[in-house]
Amino acid sequence: MLLSRRRNLQTQAATVVSRIFSEKLLSLLDGDNRNAMLSLDGITLLADDRLDEEIAINHCSRRLKEQCDYELWCLTQRLARLIGVAHPTDTKNPVFPQTFAQALMEAIGSIEPNPADRLLVFKAFGPALLDIVPAVLTGINAALAARGIDIDVGDYYGRPVLTPERQSPAAATAQEIAANLELTATLKKILASAGHVLPESEAEREAATAKRALATTLQLPAFNNEKTAVPTWRGTLGDIPSGNQDAVEHQPANVRTLHIARRALQDKLTRDEQVISDIITVMFDRLLIDPRMPQELREIVARLQLPVLELALGDRSLLTQVHHPVRKLIDLVAEFGLTLGLDNDDESTVRSVENIIEGLVLSHRQLPDAFQLAFNRLDGFYYHHEEAAIQNDAKLRALEREEAAEFAGSQADREIALRLQNRSLPEPIIAFALGAWRAVIVNAYLRGGASGQPWKLALSTLDDLVRSVHPATEPTELRRLASTLPATIELLLNRADIVGDQSSLAADLFAELGRASALAIAGKWTEICGRVFAPSLDVLSTPSSVVSPSASLAAMGMACGDWIETRDDGIRRWRLNWITTILGTCVFKHYESGTTCNMRCDELGERLASGSVQRVRGLGLADEVLSGAFETVSRKVQHDGSVLAARSIGRSRLGPPSPVTAGRTANDPPIPLRRA
Amino acid sequence: MTSISLSTLDPNLIDWVRNQLTQDFATRVFDAVVDVHECMDLEAQASVGAAERKRL
């Protein structure tokens, strides 16, 4: 249906976008205020399916706004200039993403009458819309800019910018494939030393598995007992309690669940399954005492033990795929706790994480991608919590304020230089403009940007000040300025709270202004002493085309929430927590030490290119604990091998040596392992 | 910044913006249909597979 009627979909989408655009445009031009008031007549009950559609459209619009906030802002500014109105609100904005989401829903409705199917198709379009709408907005922005409709991009600064969502890599990188192959080889060595002989065809299949796209590894475990379809251990596993109702050695039972499971499954698992069970057990033992796993979340993570063991017994990709959803989920839980700095007041947050994990525990046997779904849910939950946590970070706020002041200062210097350059002005006026009045202009910029009233008033007052001592000004205007200017200047100085040295500059100005105004009104221009002000070229240079910091970051393939690794002072992993909206300073945090590191966007690009900084998948906690588990189990397997070898030597007087221990002795070196 | 509406200088400009926006969006939606259709097919297969495994 969708494929065969896509031409209709295209025509309908065009018609509806055009209609909504025109309606909103008319509403803007008429100053229509219908949305401002609600009346009972306007409120209607929506059918359930219609309500679902509204919710889906609103959700989709929000995601789109987050995705293309900068492009949307630019296009809205251009449109506002084009039709001569102020920046419209979201509901009246003809190019707000809701226009596109609504149009698509209506267009789908024209080819798909069934409401449930319509919603399904609309949701399936979600990821595509995240590409389509930003591309459309970018295209129109570029076309309008080419036609000379420029906007002051500086106004964008200081707006609360939404953190771009980190992108999940679409395909495994060469580095990841290499790591996967290495893990596969390591696992094979451990299994081989435990007596497992991999048939050739299986070996080939496992090597191929490492290269396969991740999605294919998410299928339900292919159980090794083909006749019964379900292995014998599966029922036993289901009987093992995983709650915390038992107490073993003063520890909650859920921390020891895997140890109980190992004992219960001892005679039901094959030798290689036992090795895998050991690896998962050691992995959780390490994970649950790792300082990076927050105390508040440990019991919740412990609930994952049996599902992870069950998954690993059926599908070894957890052990051999560095980008496996289980690894990602474990890292995300730790990252969640670390970045939010959970404490006793965060019970509801912890409870929400618990609900997500509990959902996984209950559904993992039925849902093939339960771990991936849990990861997605936690990621979405985390994204919005993280936003709020970062907005409250005092250090980040101070950095933003500092950069905003720096940027406002450079804007103020440029505007003052443009007004004073090549003019002969009394020294106190120049000193006042560069000192006290600069502070007033900076203050005005910080209060409302270049389009705000305070900024316009501060600059027009400076214009008046310059005109009040300019020979071309009419005498009546000179008299008006002489009577009104001191009061205006004083008012703005007071409003900006200018004190100290700056106020002495103001006193000098008022004295000079009184004298110079009297001379100007009397037409004695030659008696007004002045000097020609010549600003430096740097101050006057037009700001180079400004690129949104988030866009620069995205061009490097990074976003807030990504991780990097440095090796200057030992191996350290840093999380990119924020990028400032003005100068594009990337703020990284090393959670183990609590250290913060600031790096300009261009510097980050250079360091990534030189290799002194490397992008990594995440915190790396799951990789580390699994790698440690591999080493521990490898040693255990060799120890068991030596014991068996010693026994078989004793038995050799009675029969041939065991195939398990043939070729290995207690003095053999351990299987070499490298970290993934 | 000028307070004169640019559309009074070139009244066709706003129509041009509307047409560009409309056509670009509709074309991109048309182009995306094949991918969206494939994704829906894959999801449908996955849910049938999951139901089958559950039944087994």
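Modeller: Happy to. In this predicted model, strand 5 of chain A is joined to strand 9 of chain A by four bridges, and the two run antiparallel. One pair to look for is Thr566(A), whose bridge partner in strand 9 of chain A is Val613(A).

Now follow the chain onward. Strand 5 (residues 563-566) and strand 6 (residues 572-579) of chain A are antiparallel as well, again with four bridges between them. Here Glu565(A) has Arg573(A) of strand 6 as its bridge partner. The two strands form a hairpin with five residues between them, and in the turn Gly570(A) shows a positive phi of about 80°.

Strand 6 of chain A is joined to strand 7 of chain A by four bridges, in antiparallel fashion. Ile579(A) finds its bridge partner, Cys586(A), in strand 7. These strands too form a hairpin with five residues between them, and Gly584(A) in the turn has a positive phi of about 70°. Strand 6 of chain A is mostly covered, with seven of its eight residues buried.

Put together, five strands of chain A make an open sheet in the order 8-7-6-5-9, with antiparallel pairing. At the edges are strand 8 (595-600) and strand 9 (613-616) of chain A, each of which pairs on one side only. From one strand to the next, the twist averages 35°. As background, strands of a sheet pair through backbone hydrogen bonds, either parallel or antiparallel.

What packs on this sheet? Helix 18 (residues 394-420) of chain A does, touching strand 6, strand 7 (585-590) and strand 8 of chain A. The direction of helix 18 makes about 160° with that of strand 7 of chain A. Past the end of this helix, Asn422(A) has its place in the loop between helix 18 and strand 3 (424-425) of chain A. Phi of Asn422(A) is near 60°, a positive value in a residue other than glycine. Asn422(A) counts as exposed because there are 8 other C-beta atoms within 10 Å, and the cut-off for exposed is 12 or fewer.

For contrast, have a look at the helices elsewhere in chain A. Helix 15 (residues 325-340) of chain A has 16 residues and reaches 22 Å from its first C-alpha to its last, close to the 22 Å expected at 1.5 Å a residue. Of those 16 residues, 14 are buried, so helix 15 is mostly covered. In helix 16 (residues 347-363) of chain A you will find Thr349(A). Thr349(A) is partly exposed because it has 18 C-beta neighbours inside 10 Å. Thr349(A) and Phe381(A) are 32 residues apart in sequence, while their C-alpha atoms are 9.4 Å apart in space.

The nonpolar cores come next. The largest has 72 residues, and those touching the most other members are Ile279(A), Ile280(A), Met283(A), Ala312(A) and Val333(A). Leaving out residues up to four places away in sequence, Ile279(A) touches Leu319(A), Ala629(A), Phe630(A) and Val633(A). Apart from this core lies another, of 45 residues, including Cys60(A), Leu75(A), Leu79(A) and Leu144(A). In soluble globular proteins, nonpolar side chains tend to be buried together.

Stepping back, chain A has 27 helices and nine strands. Of its 676 residues, 35% are buried. Among contacts in chain A between residues at least 6 apart in sequence, 72% join residues at least 24 apart. Chain B has two helices and zero strands, and buried residues make up 16% of its 56 residues.

Lastly, the place where the chains meet: 34 residues of chain A are in contact with 31 residues of chain B. On the chain A side, helix 1 (6-30), helix 3 (69-83), helix 4 (97-111) and helix 6 (126-146) each supply at least two residues. Helix 1 of chain A gives the most, with nine residues. By class, this side of chain A has 25 nonpolar, seven polar and two charged residues.

Notes
Residues numbered from 1 in each chain as written. Chains lettered and ligands numbered in written order. Core = buried A, V, L, I, M, F, W, Y, C linked by C-beta atoms within 7 Å. Buried ≥ 20, exposed ≤ 12 C-beta atoms within 10 Å, placed from the backbone. Contact = placed C-beta atoms within 7 Å. Expected span 1.5 Å × (residues − 1). Nonpolar A, V, L, I, M, F, W, Y, C, P; charged D, E, K, R; others polar. Pairing = 2+ DSSP bridges. Axes fitted to C-alpha atoms, helices over the stretch in contact; angles between N-to-C directions.
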